[in-house]
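Hi,

Here is the structure I promised to pass on to you. Have a look at it first, and then read on for what turned up in it.

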Amino acid sequence: MNRVELTRVPLIKTALRSRWPQLILRVIALAGFLLAILAGISGTPVGSRNFGIVFVWIGWWALLMLVAVPLFGRGWCSVCPIPMPGEWLQQGALLKPQGRGLGLGKRWPNKLRNIWLQNGAFVLVALFSTVILTSPLTSALVLTAFLVIAIAASLVFERRAFCRYLCPVGGFIGLYSQVAPVELRVIDTSVCASHTEKTCYAGSAEGYGCPWQVFPPGLVKNTYCGTCMECLRTCPHDNLAINLRPFGTDLNNPTGRKMDEAFKAFIMLGSAVVYSAVMLGPWGFLKSAAYHIGSVQWLVYAAGFLTFLFLLLPGLFYAAVALGQTLGGKKAKPTGKAASRSRLFGTHRQAFTGFAYSLVPLGLAAWIAFSVSFVFANISYLWPVLSDPMGWGWNLLGTASLSWTPYLTQAVPTLQALILLGGLLWASRTSLRIADQQPAQPTAITRPLLQALPIIAFCAAVTFGLLGLLIA
Amino acid sequence: MKMLPSSLMNKHWKWGIFILLALTILLLPLPAQSAQASEKYIQIQASSYEYNPGVVRVKPGERVTLELTSTDVTHGIYIDGYNLEVIAEPGQTQTLSFVADQTGTFRLRCSVTCGALHPFMTGKLQVGTNALLWKSIAIAALGIAVVIWTVRT
């Protein structure tokens, strides 16, 4: 069904099943990560001359938001260096399973088996982001904290608890990986049904049981599959495949829509709007407020930021959903004031969660549009720091004296407009599809278009706001 | 040759019409904005990390002279799209003259590393009407109509 099995190509299959290409990429990434920490601690405090700032927040960010997430979903997670040291300790091996590792191997608490902690971690980083993105030392301390927490999580809990439940970056990569045109899926579920050992989850001599605590035969979305390829290695029946598929396939699947993921969509969309205003807008007082952590202005900024993310944006969206439900004739029949309110809220809550997935393409487009402006204007800082990562006057590659040059400045606004318009149309299409999937009340007249129209209006308003911030 | 199913063909021609109309809107020139032969002097104060005024508005065709004064450390202005630059030492004023021959909104960026928030020190130059913004809104409205048309039929 509109899918091309990439793992039918022998070269691709061999490369993905072998541990070496992945290990080489991860070791390179780990070296870069450690150099970023080292540069942040001992290099120049000037952010635009420090490898730790330029490599991570411009180079890596560009790669992540403009290439990896939209095209490969969780592809970055498969080579991310942060969980590596903890995983090596936990597994007691660098490659294939052998011997015993360290760690308590506890199960992650059931109550925390969601992405609320990741939502909180992202917001925490976002609140301090103007400092994290510009101060090499602060950035290095944050990266070190990621590493330490990942190691601790590996030593206390089983599998990759950090990646699955804590990583602030992994949370949004998972949400947006639903859009990506690649997926890892079981080829034939009946083969899995008769395979009693379930080596894809339990592990075998060939590889580890799913580090992401996902049961591969039950995979219907990309959200929590870290594309680590372990199941490709452990399945004795060769029953797993990497498929090429249409963009956004997961968004049409109503299975597993949850409030924590819905709020991730609001947090990401809201952050893109706030970042566009603070970092790319002409308002010095906003930049100053976001930067002076602990000051009264910063407290006001933080309160405003949190209100926008957790109250204003979801509140307006809730109003749009409620209006759509009323227009669309899905209101439950009231039998009394309290009952009516409760029933109405219940119905709207479900619709609220469902329709929030329309914001996935909109949010991704917002982040790409924001990143395009930021990255093309600043990527030229990368060339000098490759020659002089610490800012100590080295010239290793002969590029240390290359000056700052913004690229494509004439094309960027048009590119941003097209990206935002694409996100809006995709979000509109997704909201119409979701409206079709809403369960109807027995007595209700269902009018999906009327349900979706206020959501489309909400998405259009956010898009026009972003156009105003980015190109007006 | 295998034919596409009629429903898919139906959607394809609708999107084809949309792309044609969107391109027409994008490429269609707006009513000409009268070019001004006048001159405009604008004083801009740069301090960490803002320009004052943050938004500079001029008319198309005007000969613009920006007088940049830095009040703390060395700052610069780089104008996106025009690719022009001026740098001012602290306490000094430097000027940049140019003809505003491109309409739209262009970001002003500090071109000299001036401190922690240097990459975010930005302003805006608005020359006449921002056609891209209005065209984008028109294309958005048209696109939403086509999305509804394709999904609901």
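Predicted model: local features only at pLDDT ≥ 70, side-chain atom pairs only at ≥ 80, totals over all residues.

You will find A:Trp383 in helix α19 of chain A, which covers residues 382-387. Leaving aside residues up to four places away in sequence, A:Trp383 touches A:Thr399, A:Leu402 and A:Tyr407. A:Ser403 is 20 residues from A:Trp383 along the chain, and the C-alpha atoms of the two are separated by 8.7 Å.

Now to chain B. Two helices and nine strands make up its list of elements, and along the sequence they follow the pattern α-β-β-β-β-β-β-β-β-β-α. The radius of gyration of chain B is 22 Å, well over the 15 Å that the globule rule gives for 153 residues, so chain B is more spread out than a compact globule. Its C-alpha atoms fill a box of roughly 70 × 40 × 30 Å along the principal axes. Of the 153 residues in chain B, 43% count as buried. If you take the contacts in chain B between residues at least 6 apart in sequence, 64% join residues at least 24 apart.

Next, how do the two chains meet? On the chain B side, 40 residues are in contact with 45 residues of chain A. Together the chains bury about 3,600 Å² between them, with 68% of that on carbon and sulfur atoms. B:Arg107, B:Phe120 and B:Arg152 supply 18% of the area that chain B buries against chain A, more than any other three residues.

One helix of chain A is worth a look here too. Helix α15 (residues 284-291) has A:Gly284, A:Lys287, A:Ala289 and A:Ala290 as its buried residues. Those buried residues pack against α7, α14 and α16 of chain A, and also against β2 (50-52) and β9 (122-127) of chain B.

Enjoy exploring!

Best wishes

Methods: Residues numbered from 1 in each chain as written. Chains lettered and ligands numbered in written order. Heavy atoms only, no water. Helix = DSSP H or I, 4+ residues; strand = E, 2+ residues; numbered from the N terminus. Rg over C-alpha atoms; globule rule 2.2 N^0.38 Å. Buried < 20%, exposed > 50% of the residue type's maximum accessible area, 1.4 Å probe, protein only. Contact = heavy atoms within 4.5 Å. Buried area = accessible area lost by both parts, 1.4 Å probe.
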